Amino acid sequence: MTDLPRKAITRTAKPAALPLGFAGRATWGLGKRIGGRPAEIVAREVQQRTAEQMFKVLGELKGGAMKLGQAMSVFESALPEEIARPYRAALTKLQEAAPPMPSRTVHAALEERLGPDWPELFQEFEDKPAAAASIGQVHRAVWHDGRTVAVKVQYPGAGEALLSDLSQLSRFARVLGPLVPGLDVKPLIAELRERVAEELDYELEAASQRIHAEEYAQDTEIVVPEVVHQSDQILITEWLEGVPLSEVIADGTQEERDRAGQLLARFLFSGASRTGLLHADPHPGNFRLLTGDAPDGPPERWKLGVLDFGSVDRLPGGLPEPIGIALRMALEGDAAGVYDLMRGEGFVKPTIELDPDDLLDFLLPMLEPAQVDAFVFDRQWLRSQAARMADRHSPVYELGNQLNLPPAYLLIHRVTLSTIGVLCQLGATVRMRDELEAWVPGFAADPESGDRAEADAQEGPAADAGEEAADGAEEEPEAAETSA
């Protein structure tokens with residue numbers, strides 16, 4: 001592959017081949033069954049071939065198709081195992097892999113953005129990319145001051161390709177939807193399209209990353225690489241050396257899974273509170289588990305490295321307080337209170353009448369992680385929730401269809417669901433209630449406990465940022481890699 005295919009007819013032809021390919025394999029499978037092959041074995045073979053073609057098409061397109069594949073991949077935990085198995089490997093590959101740009105294209109981009117003397121800015125520069133994904137690819141290098149850095153180079157024509165892909169893929173949403181049953185692909189594509197401009201703006205991404213890096217600079221559990229240099233379509237940050245979360249999902253120890261899961265939940269909820277920004281791209285390719293000088297433990301010394309701040313939701317006041325209040329009232333069994341609050345926030349439209357007790361029964365099973373001290377996130381639990389919501393003959397399905405998701409909550413909802421999907425891929429045991437109490441306004445059971453931020457610093461699970469800042473300052477930060 002020499003570059004992103006830019007011609008609209010070429011880019012359209014690739015996703016258009018997906019439904020044709022699906023139909024061809026279905027015909028092939030029918031022939032096999034007529035020939036006497038067991039239907040179950042044939043179905044698995046068809047699914048595997050479908051997964052392989054999907055990865056090939058989406059991976060080669062990069063751009064919007066790659067971004068869609070990444071977004072879909074975090075939901076595979078909700079699928080029945082017989083459906084999920086053949087797609088899991090292909091979807092997981094989309095989190096961190098893509099055919100790379102040739103060196104000459106990378107060098108031309110660097111020369112255009114950094115000037116003809118760009119090689120003098122580096123002591124070393126590796127032409128082979130360390131990571132490649134939907135919008136750009138990352139090269140490991142050594143900056144002129146000796147720091148190991150990650151150089152993210154945006155693909156030529158990435159903006160045009162991204163918009164083209166998403167426009168074309170929206171036409172095939174009905175075909176792509178069955179790849180992840182229960183996931184409504186069309187709204188997902190629409191949301192990705194709306195965020196294209198932000199993800200392509202490396203200046204905006206650098207600003208978001210600097211805010212996070214400054215806030216977490218003394219944190220002993222969360223590491224955000226510092227921005228070293230930024231120019232149009234080039235972003236250079238510190239290199240982060242660690243175990244990709246996708247590898248922890250594939251074959252990590254239970255200790256690694258539990259620690260990564262706890263820190264992932266902590267970052268999800270603390271980030272908005274501490275920075276006013278919600279990291280909105282929580283697929284595994286954007287996280288690293290840093291075991292540092294304690295690879296064999298104790299897990300309390302391991303850190304979570306966070307990458308890629310191209311997509312964020314701006315929440316100046318942190319997560320909306322009604323979320324915490326509604327969660328608390330639901331756990332207390334206050335059906336009327338939950339109903340009134342959700343109606344006031346627009347989750348229940350004025351023209352809709354629901355039974356408050358039915359609404360509470362609808363919500364409580366999804367709130368199990370907050371009902372216990374520690375919750376085991378696993379695929380079986382998520383599948384049970386997905387099956388409950390997708391049963392068209394169930395009152396739960398009918399009630400769910402009557403609820404509305406206000407625009408202000410859309411991205412928060414998707415980020416939360418995506419994070420839960422990753423936690424279930426990890427199979428992590430997480431003290432979710434601790435994180436909710438520490439970081440979500442309105443959730444704490446005692447509203448008279450004083451200033452939440454002060455209480456968090458003294459008692460909450462993230463108190464390390466205050467009490468242990470001196471210890472954190474003495475430790476050398478891990479080196480850093482950034483996701484494309």
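**Entry 1**

I started with the open sheet, which is built from 4 strands in the order 5-11-10-8, with mixed pairing. I keep in mind that this is a predicted model. Which strands stand at the edges? They are strand 5 (222-223) and strand 8 (243-244), and each has a single partner strand, so one side of each has no neighbour in the sheet.

I then looked up how strand 8 is held to strand 10 (residues 287-290): the two pair in the antiparallel sense, over 2 bridges. For Val243, I found that the bridge partner in strand 10 is Leu289.

**Entry 1: two loops**

Next I followed the chain out of strand 10. The loop between strand 10 and strand 11 (303-306) contains Pro298. The peptide bond leading from Gly297 to Pro298 is cis, and its omega is near 5 degrees.

I also stopped at the loop between strand 6 (227-231) and strand 7 (234-238), where Gln233 sits. Gln233 has a phi near 70 degrees, a positive value although the residue is not glycine. I noted both spots because most residues other than glycine have a negative phi, and most peptide bonds are trans.

On to the helices. I looked up the angle between the axes and the distance between them, as that is how two packed helices are described.

Helix 12 (254-275) and helix 18 (407-426) pack at about 170 degrees, with axes 9 Å apart. That angle is over 145 degrees, so helix 12 counts as roughly antiparallel to helix 18.

Which residues meet here? From helix 12 I listed Arg257, Ala260, Gly261, Leu264 and Leu268; from helix 18, Val415, Thr419, Val422, Leu423, Gln425 and Leu426. Sorted by class, this contact has 7 nonpolar, 3 polar and 1 charged residues.

**Entry 2: helix 16 against helix 18**

Helix 18 also packs with helix 16 (residues 379-390), at an angle of about 140 degrees and with the axes 8 Å apart. This makes helix 16 oblique to helix 18.

In helix 16 I found Arg379, Trp381 and Leu382, which meet Ile420, Gly421, Cys424 and Gln425 in helix 18. The contact of helix 16 with helix 18 divides into 4 nonpolar, 2 polar and 1 charged residues. I marked Gln425 on my list, as it meets helix 16 and also meets helix 12.

**Entry 3: helix 10 against helix 12**

How do helix 10 (residues 202-215) and helix 12 pack? Their angle is about 100 degrees, with axes 11 Å apart. The two helices are therefore roughly perpendicular to each other.

Ile211, His212 and Glu215 in helix 10 meet Phe267, Arg274 and Thr275 in helix 12. By class, I get 2 nonpolar, 2 polar and 2 charged residues for the contact of helix 10 with helix 12.

**Entry 4: a cavity**

Which element gives the most to the lining? Helix 12 does, with 5 residues. Helix 12, strand 9 (277-279) and helix 18 each supply at least two. By class, the lining of the second largest cavity has 9 nonpolar and 4 polar residues, and no charged ones.

Technical notes: Residues are numbered from 1 along each chain as its sequence is written. This is a predicted model: local features need pLDDT of at least 70, side-chain atom pairs count only at pLDDT 80 or more; totals for chains, interfaces and linings use all residues. Side-chain values use heavy atoms; hydrogens and water are left out. Ala, Val, Leu, Ile, Met, Phe, Trp, Tyr, Cys and Pro count as nonpolar, Asp, Glu, Lys and Arg as charged, and the others, Gly among them, as polar. Axes are lines fitted to C-alpha atoms, for helices over the stretch in contact, and angles run from 0 to 180 degrees between N-to-C directions. Angles under 35 degrees count as roughly parallel, over 145 as roughly antiparallel, 65 to 115 as roughly perpendicular and the rest as oblique. Contact means heavy atoms within 4.5 Å. Two strands pair if DSSP finds at least two bridges between them.
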